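Trainee: Hi, could you go through this one with me? I'd like to start with the pockets.

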Amino acid sequence: MKTRNFVNLNVNPCKMCMPMGAAIALRGIENSMMMLHGSQGCNAYLRTHLTTHFSEPMDIASSSLHENATIYGGGANLKKGLQNLIRIYNPTFIGIATTCLAETIGEDVERIAKEFRAENDLGAVNIIATNTPGYGGTLCEGYFTTLRDILRHVVRPSDRHDRVNVVMAHVSPGDVRNIKSMLQAFGIDAIMFPDISTTFDAPFSRDFSRIPKGGTPHADIAAMSGARATIEIGAAIPEQISPGRYLEDQFGVPLVRSPIPIGVAHCDSFMQVLSSLSGRATPVQFQEDRGKLVDGMIDMHKTSGEIRALVYGDPDQVYSVASLCVENGITPAVLGTGSVSKAYRGLLDKLLEHAGMASTILDDTDFETLEHHTLKNEVNLVVGNSAGKQLTEKYGLPPVRIGFPINDRFGGQRLVYTGYSGSLKLLDDMVNAVLAKKFGMHRVDMLEKYHRVEEPAI
C-alpha cells in the first residue's frame with residue numbers, strides 16, 4: 001500500500017514457507033520420511049498445520065539445531081538424526097530439507113548427505129537433499145523444488161515405455177484421486193508424481209504403521225525418463241523449478257502443461273490433452289458432467305453476477321478459480337498470492353483482458369494489504385484458505401475454503417473442486433455462501449434501514 005511508511009514488512013503473510021511444501025511433496029513418495037534440518041520449533045510449526053488440515057498423524061524428523069550448532073555447524077546433529085530416523089522408521093527414501101536457520105549459517109546439506117552415505121551402509125535407503133529456506137519462497141516453490149530435486153537425484157536414463165508422467169499441482173488428496181479417475185477413464189497408464197491420495201487421507205485401520213502406505217513407487221520415479229510424455233498440472237510453475245521441464249531437457253520427454261482443471265475452459269483443455277494422448281474421445285460421463293456444469297451456471301447466473309470475490313492462495317489455484325469466476329460473471333475483484341511470479345500476473349492479465357474485467361492483482365502480498373483492497377473493492381465473498389478467517393470475523397464476509405491450510409473447517413483433505421463436477425460443487429459453494437449471508441442478514445438489514453428508532457429531541 002502506498003500509505004505504508006515502512007519497507008520489507010509483512011503483516012500476516014499470504015503464504016506458507018518452503019519447507020512446508022517439501023513436507024507435502026515428500027509425503028507423496030512411497031515409504032518416505034522427511035528430515036528437517038533446523039530447530040524443533042520449525043518442525044512443530046509444520047506438523048501442527050499438516051495435522052490439523054489433513055486430520056492425519058504427521059511424523060517429521062528434526063536435526064534439532066541449537067545455539068552451538070549455529071556457531072560450529074549442524075552436520076553432527078544431522079547425521080545423528082539420520083541414524084535415529086533409519087533405526088526407528090526404516091524408510092527407503094529420506095528427504096532432507098533445510099530451514100531459515102540452516103541456510104543462514106550456510107549448511108551444505110548435500111555434502112553432509114554424501115558424507116553420511118559414505119560413512120554408513122545404507123542398503124536400499126535413498127537420501128536426497130534440497131534447499132528450502134523459509135524466507136526464500138513459498139509452499140509452492142518448496143513443493144516443486146523438492147519434486148525437481150527428487151528427479152535430479154533418482155531418475156536415470158531408461159528404456160522408452162508407454163506410460164505418462166503426471167506432475168501434480170499442490171491440490172487436495174481428494175482432487176488427486178479425482179484426476180487419477182479421469183486418467184483411468186481415458187485408459188492412460190500414469191505415473192502420479194507425487195501421489196498423496198492415500199498418504200494424507202488413509203482409511204481407518206487397526207494396523208499401525210509409522211509410515212503411511214501409498215505414494216509414488218521408487219521404481220516408477222526412476223522410470224519417468226522413459227515415459228512418452230509428461231503432463232504437468234500447473235500453468236504458473238516457474239521454469240527453473242519445473243519437474244516436467246527437467247524431464248524434457250535432460251531426457252527428451254515431451255512436456256504438456258495444463259492449468260488445474262477448474263472451470264469449463266480449463267476442464268475442456270485438460271480433456272483435450274487426455275484425449276490427444278490416449279487417442280480416445282471424451283467419455284460419456286464427462287460429457288454429461290460438462291452439461292450439468294453448464295446447466296448449473298445458467299441456473300445460478302442471476303446470483304453469481306452479484307458476487308465480487310477475493311481469491312487468494314497458490315498462483316495456479318488463484319488462476320483457475322479466477323477463470324471459473326470469469327466464466328460465471330463473478331467479478332474476481334482482488335486476486336492475491338504470496339509468491340513472486342511473472343507467469344501468474346501474465347496469465348491473469350490475459351484472462352481479465354479477454355473478459356473485459358478489471359481486478360486488483362497482488363503477488364508477494366500479505367493479509368493487511370488484502371484487507372485494504374478487499375474493503376476498497378467492496379468484496380462480498382472470500383475464497384481461500386483459513387488464513388482469511390479474520391476477514392470473516394471483522395467484516396462478516398462469507399468464506400469458501402479451498403487450498404492449504406484449512407484448519408477452521410473439517411474435510412480439507414477430501415475437497416474435490418477439480419473436473420466438471422468439482423467445478424460445479426465449487427460454484428455451488430460460492431453462490432450459496434453469498435445467499436446464506438444475504439438471507440441470514442436480510443431481516444436485520446431491513447429493520448435497521450426502515451425502522452430506525454428516532455432519537456428523542458433534546
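Mentor: A volume is the space filled by probe spheres set on the points, which are joined across faces, edges and corners. This is a predicted model, where local features need pLDDT of at least 70 and side-chain atom pairs 80 or more, while totals for chains, interfaces and linings use all residues. Numbering runs from 1 along each chain, and side-chain values use heavy atoms, without hydrogens and water.

Trainee: Okay, what volume does the largest pocket have?

Mentor: About 520 Å³. Its lining has 18 residues, with Glu 56, Ala 202, Asp 207, Ser 209 and Pro 212 nearest the centre.

Trainee: And how much space lies in the second largest pocket?

Mentor: About 430 Å³. That pocket is lined by 29 residues, and Pro 13, Cys 14, Lys 15, Met 16 and Tyr 45 lie nearest its centre.

Trainee: Switching to the backbone, which peptide bonds are cis?

Mentor: Phe 193 to Pro 194 is cis, with omega near -5 degrees. Another cis bond joins Phe 404 and Pro 405, at about 0 degrees.

Trainee: What about phi at Glu 378?

Mentor: Glu 378 has a positive phi of about 50 degrees, though it is not a glycine. Most residues other than glycine have a negative phi.

Trainee: Is Glu 378 buried or exposed?

Mentor: Exposed, because its relative accessibility is 62%, and exposed means over 50% with a 1.4 Å probe, protein chains only.

Note on methods
On a 1 Å grid over the protein atoms alone, a cavity is a set of points where a 1.4 Å probe fits but cannot get out, and a pocket is an open set with protein on both sides within 12 Å along at least five of seven lines; lining residues have an atom within 4 Å of a point. Buried means under 20% relative accessible area, exposed over 50%, partly exposed in between (1.4 Å probe, protein chains only).
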